[in-house]
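User: I have a chain to study and would like to work through it step by step. Can you take my questions in turn?

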Amino acid sequence: MCQVLGLERRGVMHSDQGTRFSVKGKPVYHYCAVSSFSEYTVVHSGCAVKVSQQAPLEKICLLSCGVAAGLGAAWNVADISKGSIVVIFGLGTVGLAVAQGAKLRGASQIIGVDINPEKYEKAKCFGVTDFLNPNEYNEPIQQVIKRISGGGTDYSFECIGNTGMVTTALQSCCDGWGLTVTLGVPKTNPEIASHYSAFLSGKTLKGSLFGGWKPKSDLPSLVNKYMNREIQVDEFITHNLPFEDINKAFTLMREGKCLRCVIHMPN
């Protein structure tokens with residue numbers, strides 16, 4: 001969020017508004033301000049983080065976004081309390097990382113919602129206690145959640161990137177103190193619509209960017225937690241593919257057949 005080193009959305013460096021890559025004299029712009037599909041990259045020193053030399057880069061690369069975003073949403077943004085009830089919409093990497101964070105905080109019930117039934121077995125490994133597939137019910141899924149949670153959850157997480165599901169997540173948490181956190185990035189319809197009564201009844205909606213972590217100071221401690229086996233990271237890696245198969249990785253992602261594919265550069 002730094003105004004000096006904030007996310008540059010035009011694919012250039014902040015300092016001189018130029019790129020650091022070129023092919024045959026033509027500039028190559030930095031994809032998502034990262035340019036991670038390369039063997040070497042150039043970043044501002046303020047954006048470089050020093051971590052343990054013993055940490056395997058092919059594992060901790062997952063802490064650059066998905067896993068860290070989910071854990072942080074559970075710990076920093078929501079600050080889940082012991083014995084609470086949690087519902088998570090979307091059981092991809094981010095959603096399962098939220099589940100892991102909730103489990104480590106001692107949540108008593110973790111409800112996972114996803115339309116892919118194959119997600120359940122993996123979800124159990126990360127702490128999900130109940131699995132709901134909205135396609136299997138003839139009533140709104142928020143009503144099912146309220147029924148099995150005894151009136152609504154303490155915390156609700158939207159990890160799909162569907163603004164319509166934000167409303168559903170709000171309706172799933174309890175009156176008085178229910179907190180909904182939205183992590184997904186919508187591809188269409190970016191506006192959120194919700195009835196004011198949800199907020200009048202004491203519910204809260206919060207956004208989350210990178211799980212509330214400060215990368216420079218917090219990422220090294222997350223890496224140390226991984227090295228000390230306090231958090232799961234390896235379990236999110238379902239595929240390891242060479243760079244030449246990168247399009248296969250995108251296909252697996254779109255078809256929902258993977259959690260995280262790690263791309264390996266040729267030696």
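Analyst: One term is needed before the distances: domain bounds here come from an automatic or database domain assignment. Keep in mind that this is a predicted model.

User: How far apart do the C-alpha centres of domain 1 and domain 2 lie?

Analyst: Start with the bounds. Domain 1 covers 1-48 and domain 2 covers 66-212. Between their C-alpha centres, the distance is 34 Å.

User: Which residues does the UniProt annotation "domain: Alcohol dehydrogenase-like C-terminal" cover, and how far apart are the end C-alpha atoms?

Analyst: The annotation comes from an unreviewed UniProt entry and covers residues 94-221. That span is 38% helix and 16% strand. Its end C-alpha atoms are separated by 19 Å.

User: Is Lys119 buried or exposed, and which side chain makes a polar contact with the side chain of Lys119?

Analyst: Lys119 belongs to helix H4, residues 119-125. Buried means under 20% relative accessible area. Lys119 has 17%, so Lys119 is buried. Its side chain makes a polar contact of 3.4 Å, and the partner is the side chain of Asp114.

User: Where is Lys203 found, and which residue's backbone oxygen lies 2.9 Å from a polar atom of its side chain?

Analyst: Lys203 sits in the loop between helix H7 (197-200) and strand S8 (204-207). Its relative accessibility is 9%, so Lys203 counts as buried. Leaving aside neighbours within four places in sequence, its contacts include Lys146, Cys173 and Asp175. The backbone oxygen at 2.9 Å from a polar atom of the Lys203 side chain belongs to Leu170.

User: Which element gives the largest share of the largest nonpolar core?

Analyst: This core has 45 residues, and Leu63, Ile88 and Phe157 touch the most other members. Elements that give two or more residues to this core include helix H2 (66-77), strand S3 (85-89) and helix H8 (215-227). The largest share is seven residues, and the element is H2.

Notes:
Residues numbered from 1 in each chain as written. Predicted model: local features only at pLDDT ≥ 70, side-chain atom pairs only at ≥ 80, totals over all residues. Heavy atoms only, no water. UniProt positions renumbered as here; feature names shortened; annotations may be inferred. Helix = DSSP H or I, 4+ residues; strand = E, 2+ residues; numbered from the N terminus. Buried < 20%, exposed > 50% of the residue type's maximum accessible area, 1.4 Å probe, protein only. Polar contact = N/O pair within 3.5 Å; in protein donor to acceptor, adjacent residues only side chain to side chain. Contact = heavy atoms within 4.5 Å. Core = buried A, V, L, I, M, F, W, Y, C linked by side-chain atoms within 4.5 Å.
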